[in-house]
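Subject: Structure handover and what was found in it

Dear colleague,

Please find the structure below, together with its sequence. After it I have set out what was found, and I would be glad if you read the two side by side.

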Amino acid sequence: MFSNAVKYKLYPTLLNRFDRFEKGYITETELLNSVNRLPVPQTEAQRKGVSFEEAVIKGIDEEEFDPEILSRVRALLPRPMLKTQVYCEYQVEDVLLYGYVDVLGKMVAVDIKTTSNYQPGCYAASHQNFYLPALRGKGIRSLKYVITDFKDVYQEEYDHSMDFSAQMMQIKSFCEFLETNRGEITDLRIFGN
C-alpha cells in the first residue's frame, strides 16, 4: 500500500550542500555538521548577501551598495510585490521539501542571489526550483533568480515545464546518505520528526 507519510524533511540549502559534498568541495564531517544544524559563523560573503537583499527589498543600508546595481535588481522584481519571505513546501514521494522564496508577485516568484562568480544557467539544477510546484496553487507561473556579482546583474527564469529528474536523483542519494549515517545525526527533524 502506498503511503504519503513524510520520512524526510529537506530544504534547498542542505541539498545544495550535499551537491557540494558529492563534487568534493566539502567533507562528510562538514555535511553532517550542516545536517545537524551546528552553528557556524556567518562568512563575510553571506553577510553581504543578506544585507544586499535587505537593501533591495526594504531599503535598509542602501548606501553600502552601488545604487545602479540596486536599481537594476529592483527593476527585475515583480510589481506589485505581494509578499516577501514566503514559506513554500512541496512533497515528493516521502520527502517534504520546504523553504522560503524572497519575493512573490502575481505570477512570478523571485529569489535574489549574490555571488562572486556567476556562471550562466547555474540555477537550472537548483533544488529551490521545487518552489515552482509548491507555489502553483498561488498562481505562480515562473521562478526567476535575480543574481548580482556586484559588478553586473543577471537573471535566470524557469517555468513549470522544468525537468526535475536530476534533482530527484540527488534527493534519493541524499536520503541514502542520511540512512547510512543515521547514527551520526543528532538533529532528528530531518527524519520527519
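A residue is called buried here when its relative accessible area is under 20%, exposed when that value is over 50%, and partly exposed in between. Please keep in mind that this is a predicted model; the mean pLDDT of the protein is 92, and 98% of its residues reach 70 or more. Among the elements of the protein, the lowest mean pLDDT, 89, belongs to helix 3, while the highest, 97, belongs to strand 5. Where pLDDT is low, the predicted coordinates should not be read in detail.

Helix 4

I begin with helix 4, which spans residues 67-75 and whose buried residues are Ile69, Leu70 and Val73. These three lie on the same side of helix 4, because they cover an arc of only 100 degrees around the axis. Pro67 and Ala75, on the other side of helix 4, are exposed. The cover over the buried residues of helix 4 includes helix 3 (44-58), strand 5 (142-148) and strand 6 (153-159). At the N-terminal end, helix 4 is capped by Asp66, which has a side-chain oxygen 2.8 Å from the backbone nitrogen of Glu68.

Setting aside residues up to four places away in sequence, Asp111 touches Tyr100, Val101, Asp102, Gln128, Lys144, Tyr145 and Val146.

Ala124 sits in the loop between strand 4 and helix 5, and with a relative accessible area of 33% it is partly exposed. Apart from neighbours within four places in sequence, the residues in contact with Ala124 are Asn129, Glu156, Tyr158, Met162 and Gln167. One of these, Met162, is 38 residues from Ala124 along the chain, and the C-alpha atoms of the two are separated by 8.6 Å.

The cavity

Rolling a probe the size of a water molecule over the atoms shows where empty space is left. In this structure there is one cavity of 30 Å³ or more, and the largest cavity holds about 40 Å³ of space. Which elements each supply at least two residues of its lining? They are strand 2 (83-92), strand 3 (95-104) and helix 5 (131-135). Among the residues that line the largest cavity are Pro12, Cys88, Tyr90, Leu97, Gly99, His127, Phe130 and Ala134.

Backbone details

Most residues other than glycine have a negative phi, and most peptide bonds are trans. The peptide bond that joins Arg79 and Pro80 is cis, with omega about -5 degrees, and Pro80 is found in the loop between helix 4 and strand 2. Arg37, in the loop between helix 2 (28-35) and helix 3, has a positive phi, near 55 degrees, although this residue is not a glycine; at 37% relative accessibility, Arg37 counts as partly exposed. Phe150, also not a glycine, has a positive phi of about 70 degrees, and its place is in the loop between strand 5 and strand 6. With a relative accessibility of 23%, Phe150 counts as partly exposed.

With best wishes

Technical notes: Residues are numbered from 1 along each chain as its sequence is written. This is a predicted model: local features need pLDDT of at least 70, side-chain atom pairs count only at pLDDT 80 or more; totals for chains, interfaces and linings use all residues. Side-chain values use heavy atoms; hydrogens and water are left out. Buried means under 20% relative accessible area, exposed over 50%, partly exposed in between (1.4 Å probe, protein chains only). Helices (H or I, at least four residues) and strands (E, at least two) are DSSP runs, numbered from the N terminus. The arc is that of the directions from the helix axis to the C-beta atoms. Contact means heavy atoms within 4.5 Å. A polar contact is a pair of N or O atoms within 3.5 Å; within protein, one must be able to donate a hydrogen and the other to accept it, and residues adjacent in sequence count only if both atoms are side-chain atoms. pLDDT is the predictor's confidence in each residue, from 0 to 100. On a 1 Å grid over the protein atoms alone, a cavity is a set of points where a 1.4 Å probe fits but cannot get out, and a pocket is an open set with protein on both sides within 12 Å along at least five of seven lines; lining residues have an atom within 4 Å of a point. Grid points are joined across faces, edges and corners, and a volume is the space filled by probe spheres set on the points.
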